[in-house]
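The sequence and the structure are shown first.

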Amino acid sequence: MSERDGIFAGDDPFVIARNWLAEAEKSEVNDPNAIALSTVDADGLPNARMVLLKDIEDDAFVFYTNYGSVKAQEIEQSGKAAFVMHWKSLRRQIRVRGTVTREEGVQADNYFASRSLKSKLGAWASKQSQPLSSRASLMAKVAKVTAQHGPTPQRPEFWGGYRIQPSEIEFWADGAFRLHDRFRWSLSGQDQNWKVERLNP
């Protein structure tokens, strides 16, 4: 604990995560908020894909997706997920594991409203993760939903957010001779206080 200073300093892991992301926004060329999200299917086989993290709250990490997608179905089945956020420019990463709940209220409405019109229409048109006969058929669906919903489409009921409330957060930074610095925050006890441990590289 006494060694945890500099970029690792602080008593709130979500503040540290926000600070690291703010730094990455200045140095990463594309999508500094990209995360590799992992879920597990009913047979225990893992899945991973890149999604965009849209908010770091006081106790959770939030992203948005189609509730019919494979990732959503696997989250609904297990109630758990993990992700890693890696920044090559900073040589740092954050790993998170925890439980997941839906965000389908005002916050999801507000985020959907902030998206570009094309992104909104794309959300309406895409049956995410389902087989697609051709790109032409997808574009035809986009034209159809454009005519149906006009310039101000509302958030579809099948699209919204997920909030990951972590039980573990690990902060990793590259070290000389591959002797990396790693600190794992884990919730312990009934009072759910964070325990911080330095890990071997």
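Predicted model: local features only at pLDDT ≥ 70, side-chain atom pairs only at ≥ 80, totals over all residues.

## Strand 3 and its neighbours

Strand 2 (residues 46–56) and strand 3 run antiparallel and are joined by three bridges.

How many of the six residues of strand 3 are buried? Six of the six residues in strand 3 (residues 61–66) are buried, so the strand is largely enclosed by the rest of the structure. The burial covers both directions in which the residues point: Phe-61, Phe-63 and Thr-65 point one way, while Val-62, Tyr-64 and Asn-66 point the other way, and all are buried.

## From strand 6 to strand 8

Strand 6 pairs in the antiparallel sense with strand 7 (residues 181–188), over six bridges. In this pairing, Phe-171 has Phe-183 of strand 7 as its bridge partner. The next pairing, of strand 7 with strand 8, is again antiparallel and extends over seven bridges. Ser-186 has Lys-195 of strand 8 as its bridge partner.

Strand 7 and strand 8 form a hairpin with four residues between the strands. In that hairpin, Gly-189 takes a positive phi near 80 degrees.

Glu-170 is a residue of strand 6. Is its side chain placed at a buried or an exposed position? With a relative accessibility of 5%, Glu-170 counts as buried, because the cut-off for burial is under 20%.

Two arginine side chains make polar contacts with the side chain of Glu-170. The contact with Arg-95 is 2.7 Å, and the contact with Arg-182 is 2.7 Å. Leaving aside residues up to four places away in sequence, Glu-170 touches Gln-93, Ile-94, Arg-95, Arg-182, Phe-183, Arg-184 and Leu-199.

## Aromatic pairs

A pair of aromatic rings is described by the distance of the centres and the angle of the planes. Across the whole structure, a search finds 15 aromatic pairs. One of them is formed by Phe-14 and Trp-194, with the centres 6.3 Å apart and an angle of 65 degrees between the planes, an edge-to-face arrangement. This pair links distant parts of the chain, as Phe-14 belongs to helix 1 (residues 13–27) and Trp-194 to strand 8 (residues 193–199), 180 residues apart. Phe-14 is buried, at a relative accessible area of 3%, whereas Trp-194 is partly exposed, at 27%.

Trp-194 also forms an edge-to-face pair with Trp-185, at 6.3 Å centre to centre and with 75 degrees between the planes. Trp-185 counts as buried, its relative accessibility being 2%. Elsewhere, ring pairs link Phe-8, Trp-20, Trp-87, Phe-171 and Phe-183 into a cluster.

## Arginines over aromatic rings

Trp-20, a member of the cluster, has Arg-92 over its face, at 5.0 Å from the ring centre. A further arginine, Arg-102, lies over the face of Tyr-67, at 3.7 Å from the ring centre.

## The chain as a whole

The chain contains five helices and eight strands. In sequence order, these elements follow the pattern α-β-β-β-α-β-β-α-α-α-β-β-β. Along its principal axes, the C-alpha trace spans about 60 × 35 × 30 Å.

Of the 201 residues of the chain, 38% count as buried. The accessible surface comes to about 11,600 Å², and carbon and sulfur atoms account for 49% of that surface. Among the contacts with a separation of 6 or more, 61% are between residues 24 or more positions apart.

Technical notes
Residues numbered from 1 in each chain as written. Heavy atoms only, no water. Phe/Tyr/Trp six-rings, centres within 6.5 Å; stacked < 30°, edge-to-face > 60°. Helix = DSSP H or I, 4+ residues; strand = E, 2+ residues; numbered from the N terminus. Buried < 20%, exposed > 50% of the residue type's maximum accessible area, 1.4 Å probe, protein only. Lys NZ or Arg CZ within 6 Å of the ring centre and 35° of its normal. Pairing = 2+ DSSP bridges. Polar contact = N/O pair within 3.5 Å; in protein donor to acceptor, adjacent residues only side chain to side chain. Contact = heavy atoms within 4.5 Å. Areas by Shrake-Rupley, 256 points an atom, 1.4 Å probe, with all protein chains shown as cover.
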